[in-house]
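This report describes how two chains of a model meet. The sequence and structure come first, and the text follows.

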Amino acid sequence: MGNAGKLRKVRLSTTPSAEALADLRLGDIVYLDGLIYTAREGVYMRALEESANIPMELPQQSAANFHCSPAATINSDGTFTLGAVTATASFRFAKWLPEWLAKSGAKLVIGKGGMSSQDYKDYFVPNGAIYLSTVGYGTGALLGRGVKSVKEVHWHEELGIAQAMWVLECENMGPFIVESDSKGNSLFERENAKIAENLHKVYEGTRPATLKRFGETDDRTDEVIG
Amino acid sequence: MISTSLIQSTAEILMDKAAIEIPQDYLDGLTQAADAEDGDLSSFVLQAMLENYAVAKEDRRAMCGDTGTPRWYVKMGNETQIEGGPIALENALRLATANATVNVPLRPNRVHPLWRTDHNNNVGIGAPEIEYGFEPGGEWLDLTTVHKGGLFGTDYRMLFPSDGIEGIKRFYLDSLVAFGKRGLACQPAIIGIGLGGTKDSCMVLGKRAACLRIVGDRNPDPKIAALEDEFKELGNSIGMGAMGFVGKSMVIDCNIEVGYCHTGGMQMSVHAFCLSSRRAVARIYADGQVEYRTDPDWFTPYQRRESVTWETQESSAKSA
């Protein structure tokens, strides 16, 4: 078995200092304390394209934007039942993020799969933000345990439960993995490059399809996230 | 006669079990993969997943916050009768899906594709899917719910006989590598492959191979069974593990199903069931007895039959 124990574990505030962010290294394991809010296409469209007022003080209350919607229910008495919490793939939100980071002052973007290192260098680094990935993408129950309470659910009538802006109070919530650092490097791209060295051997004894597709590539260093 | 209320109450229990309890066959497969994994980051991910399954059961909360797109597979013996008929059955399954979405809770994932309307209950046009199968003999109803993730890890391609096994391998590897990077497919997973049929039935076969067959199961055709072994090994030799980190756990098992296709073609689909391989099964008998299990046991000799009629085969076997 690999040595998972040699990875560095870090507790981090959801309103982190510039020093704490600069200290993070690719592959560090992070646990979060403080308020975190969910925002995905519904929130971005409403806040940026429809210019609705963001119903929180950002980034004072929270600088942690989670690409997620929880498995949760709003009860008839207005209380919330929250079970598991898992991220959704972030690359789909790239078109809104430059404006969102500038507007919200988010320092931590948390999600699934990360973005490209070009995205990090273009608008994460100038805004002092880094990207944290959830682990395995299925650790919903572990992350659910890290949520002490649901503080608020904004815009659920307009956007539905899955797209609403959930404000979660977190304590030692994790694990997350540092995917981008303060220089805009990407852990996924580092791993991709290592794996690519072996790929030509794996593909020996295979052949390209007789019927081609438009836009097809045989360059296996490419990614599908665009 | 099987009562509709028993169908609905059993279905609600199945929704809960599927979302929360990792099936033992997958858990055993993942534990073995975790023991064999030598990448540091991949090992950390697999350990976190194992811990997550335990926490989900302990807290009775969903394994994953994305609780997928719940669907139903209904199978019945030839003598089975359902109170109120098939309409009552479908009502019961839609009610169970809506109730469980609130009670477990599940994420209300299902929305209108254009208007994004969300009923907050995972029910809508064509949702949940309800598919049917039948078995000769018996008076029972098998209910299987599968909550497969809905975005990445699945692909289809029209291949031709001239593409051969080499072409099949290429498309298999392409699917694993493309969706494996950054762990989009939420690997390591049970990979299902559909070969043949028509485009739509090829997709159905591959999806069922991933979701309705368990880890360790093998196709009864020994040559296909050998391919399943070979493809599992091939997927795990890419050098990629969980989340697309350096490692060697991509495929917990590979299941292949085939269907007769156009003489000029060789359709192929690839499907990755994710780290939270959510499936739960119950058999309901006419006397009200209910047995829960995790193996859908979908692909029986009857489902894979090649002969024109089943009865003919039975009687010719007897007369021989």
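A polar contact is a pair of N or O atoms within 3.5 Å; within protein, one atom must be able to donate a hydrogen and the other to accept it, and residues adjacent in sequence count only if both atoms are side-chain atoms. In this predicted model, 39 residue pairs are in polar contact between chain B and chain A, both residues being at pLDDT 80 or more. On the side of chain B that touches chain A, at least two residues each come from α2 (24–36), α3 (40–59), α4 (85–103), β4 (155–159) and α5 (164–180) of chain B. The largest share, 14 residues, is supplied by α3(B).

| Class | Count on the side of chain B that touches chain A |
|---|---|
| Nonpolar | 34 residues |
| Polar | 15 residues |

Ten salt bridges are found across the interface of chain B and chain A. One of them joins the side chains of R182(B) and E189(A), at 3.3 Å from N to O.

In terms of contact, 69 residues of chain B meet 78 residues of chain A. The two chains bury about 5700 Å² between them, and carbon and sulfur atoms give 60% of this area. F44(B), R170(B) and R182(B) supply 16% of the area that chain B buries against chain A, more than any other three residues.

Chain B has an average pLDDT of 95, and 97% of the residues score at least 70. Over residues 315–320 of chain B, pLDDT stays under 50, and the model has zero contacts beyond four places in sequence for them. Where pLDDT is low, the predicted coordinates should not be read in detail.

Key
Residues are numbered from 1 along each chain as its sequence is written. Chains are lettered from A and ligands numbered from 1 in the order in which they are written. Side-chain values use heavy atoms; hydrogens and water are left out. Contact means heavy atoms within 4.5 Å. Buried area is the accessible area (1.4 Å probe) that two parts lose on being put together, summed over both. A salt bridge is a side-chain nitrogen of Lys or Arg within 4 Å of a carboxyl oxygen of Asp or Glu. Helices (H or I, at least four residues) and strands (E, at least two) are DSSP runs, numbered from the N terminus. Ala, Val, Leu, Ile, Met, Phe, Trp, Tyr, Cys and Pro count as nonpolar, Asp, Glu, Lys and Arg as charged, and the others, Gly among them, as polar. pLDDT is the predictor's confidence in each residue, from 0 to 100.
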